[in-house]
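Work through the exercises below with the sequence and the 3D structure side by side. Try each task before reading its solution.

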Amino acid sequence: LRLSTIVNHFQDSKMSVLQLQLHRPVMFICLLVTVALLPKETSLVLAQQQPSSSSFKLLKQLHVITRHGARTMLAKDADTLSEQGGATLTPLGQQQLYDLGVWLRQTYNTTSLSTPNNLSLGYYNPAWHRLESSDLDRTVSSAHSLALGLFPNNQRATGIFNETGSAALMESLLPPGPPAIPVYTTQEENDVYLRSYLNCPTFQDNLQDFYETDKWKELEQLNLELLRKLARIFPESAEDGKIPLKDLWNAYDPIHVAITECGNVSSGNVSSCEALVDEPHLATALSQSEFAKLEALTEKTEHLKYATEDVAGNLLGSNLLWKIIQRTAEPFDGKFFLYSAHAPTMLGFLAALQASNGFVAALSGEHFVEYGSALILEVYQQVMDSPSATGAPLYLKLRYKDSTRETAVDIPMKQDTGEGQVCGTGELDPSQEYCTLTRWTLWATQHTLVTPERWCLACNNSLADVCLRSAAAVNNDADSESAGTNDQAWMILATFVGGFVGGLIVMVGVIFLCGCHKRTKKH
C-alpha cells in the first residue's frame, strides 16, 4: 500500500520533466524507507517472486476440473448409465471442496506463490473468474463450497475496470461472510462438456461391446470369490450366485458411503450417518482387506470404462478440452475457470489427452480420482521484459491434486503430430517440463474432436441443442444444394425447349419463304 501510494502520487501529479528530475532523489529515498518498513516475511515473498533472469514464465490462467465431494449413495445402470440417488452433498463433502478452495488460494494467490502470476485471486471478479458446474445438487454445492475457501473476503470486484486497469471493490450488505458468487450450469440433456458420457450413444454402445470382451470376462473370473460374497450381501442384485462385474458399482458405492460417513465415529459424522445412510451396518459388511480389494477392483473397472482409448477414446473429453483451448487464446477470456464435475468427466478428459497411463504412473498405480480431487491445467506465458507483455509463447502444465495429499503431481501429456512427444514433466527430460500450447493444440487437432458438431456425429447424438442446430444447418445446406440443382435443371430444360421452339419457328419461316418464292417464280 505504501509503495502504491508513493507511485500514484508521482503519476497523478502533472509534473514537468524538470520537476520529475528534481523529485527523483525524493522518490528513491521514499522507496528505500518503504522497503525498510516492510515486514520481514513480506520482503521474503517479494524476493521469491523476482525472476532469476530477464526471461521467466508468468502464470496467466488456471483451469480446475473437480470431482464433487462425498455424497449420498448413487446407483448407476450399467447399460444406460442413468443414475438414481447421490443428490445430497454430505457435510464431509462440503469440507473436502472447501479445503480444496483454501489450497488453491494458498498455492496460487500472488502473495504466497514463488512463481509470478496475475490470477488476481485476492477477490472474486466476475470479469476474471468463472465457476461452471453440471446441473446437479452435488456439483453445484461443491462449487459453492470451493468458492468459500477460495474467496473468503467480504468484498468482491465490480468487474468494471478504470483507466489504470483495476476494478473497484464492493462491500457486501449481507451478514458477514464471503460474497455470493454465481455458478453457471447447463441442462443435462444439453451438457456435452461435463456430462458427455451420458449424452453419447456411441460410447454406451462401446461399453456394451466391452462387456463381451475376453478382457472383461477374465477380470470377472479372477474375482469370482469377491463377487459371490457381494451377492450374499446384496441378493436382490445377484445373478447366478454372483454380482455381475458390470454392476459392481452398485455394490461398492453403498458400502463405500457407509464407511465414509459412519466408519469413523470420532470424526463427528454420527449425525450425517444417521441422516444420510439407509444401511449403516454396511460399514462393517466386509473386512478391511476385503474392502480394499473391492475398492481396487471398482477403481480398475471405472478406469477401463472411462479412461481408456479403446472404450472412451476422445468421445468424453474433446468438448471440454476445446472449450479450454479457446479460452487460452489471447486476449485471455478470464483468469480462473472452475468446472465442477464428476469422476467420469476427469477420466474422460485424461482419455482424450491420451494421458491415462501417465496418470496411473504418477500416482503409483492408482486408477481413480477421489472425492474433492482436481485436475489443474496451468497456462503460462513466456515474459521477456515485463509481466504485461503480450504475444509471447504460451506453455501448459497438467497437475492432479488428490484430496488426501498436500501437494499436486505433474501429469505428462503429448504435443506435436503423429504419436506425439511427451511433455509436461521434467522427470525424463528437463527441457520438456512444460508443453508448448501451439504444439499441444496441433496434437489435439489431429487426435480429438475439434468442434461440438463433430462430436455430435461421432456420438450419434441428435437430441442436444448443439446437435439439433448442426443437423438443421446440414439440412439447410442440403436444401440449398438441392434447390441449386433444381434451378440448374430448369435452366437446362428451358434452354432446350427454347432452342427447340426457336428452331421450329425458323424452319417454318424458311419453308414459308421458299413456298412463296416458288409461287412467285411460277407466276
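The model is predicted: local features need pLDDT of at least 70, side-chain atom pairs count only at pLDDT 80 or more, and totals for chains, interfaces and linings use all residues. Residues are numbered from 1 along each chain as its sequence is written, and side-chain values use heavy atoms, with hydrogens and water left out.

**Exercise 1. The whole chain**

Task: State how many helices and strands the protein chain has, and what share of its residues is buried.

Solution: Helices (H or I, at least four residues) and strands (E, at least two) are DSSP runs, numbered from the N terminus. The protein chain has 17 helices and 14 strands. Next, take burial: buried means under 20% relative accessible area, exposed over 50%, partly exposed in between (1.4 Å probe, protein chains only). Of the 523 residues, 43% are buried.

**Exercise 2. One face of a helix**

Task: Find which residues of helix 6 (residues 201-211) are buried, and explain why they line one face of the helix.

Solution: Start with the list: F203, Q204, L207, F210 and Y211 are buried. Seen down the axis of helix 6, these buried residues fall within an arc of 115° (taken from the directions from the helix axis to the C-beta atoms), so they line one face. An α-helix has 3.6 residues a turn, so residues three or four places apart point the same way. Finally, look for the partners: the buried residues of helix 6 pack against helix 7 (214-222) and helix 11 (288-306), where contact means heavy atoms within 4.5 Å.

**Exercise 3. Two helices crossing**

Task: Determine how helix 8 (residues 224-233) is oriented relative to helix 11.

Solution: The two axes, lines fitted to C-alpha atoms over the stretch in contact, come within 11 Å and cross at roughly 105°. Angles run from 0 to 180 degrees between N-to-C directions, and 65 to 115 degrees counts as roughly perpendicular. Helix 8 is therefore roughly perpendicular to helix 11. On helix 8, L226, K229 and L230 make the contact; on helix 11, E290, K293, L294 and L297 do.

**Exercise 4. The neighbours of a strand**

Task: Identify which strands pair with strand 4 (residues 129-134).

Solution: Two strands pair if DSSP finds at least two bridges between them. Strand 4 pairs with strand 8 (residues 336-341) in the parallel sense over five bridges, and R130 stands opposite F337 there. Strand 4 also pairs with strand 7 (residues 184-186), again in the parallel sense, over three bridges; here S134 stands opposite T186. As for cover, five of the six residues of strand 4 are buried.

Definitions and conventions:
Parallel < 35°, antiparallel > 145°, perpendicular 65-115°, else oblique.
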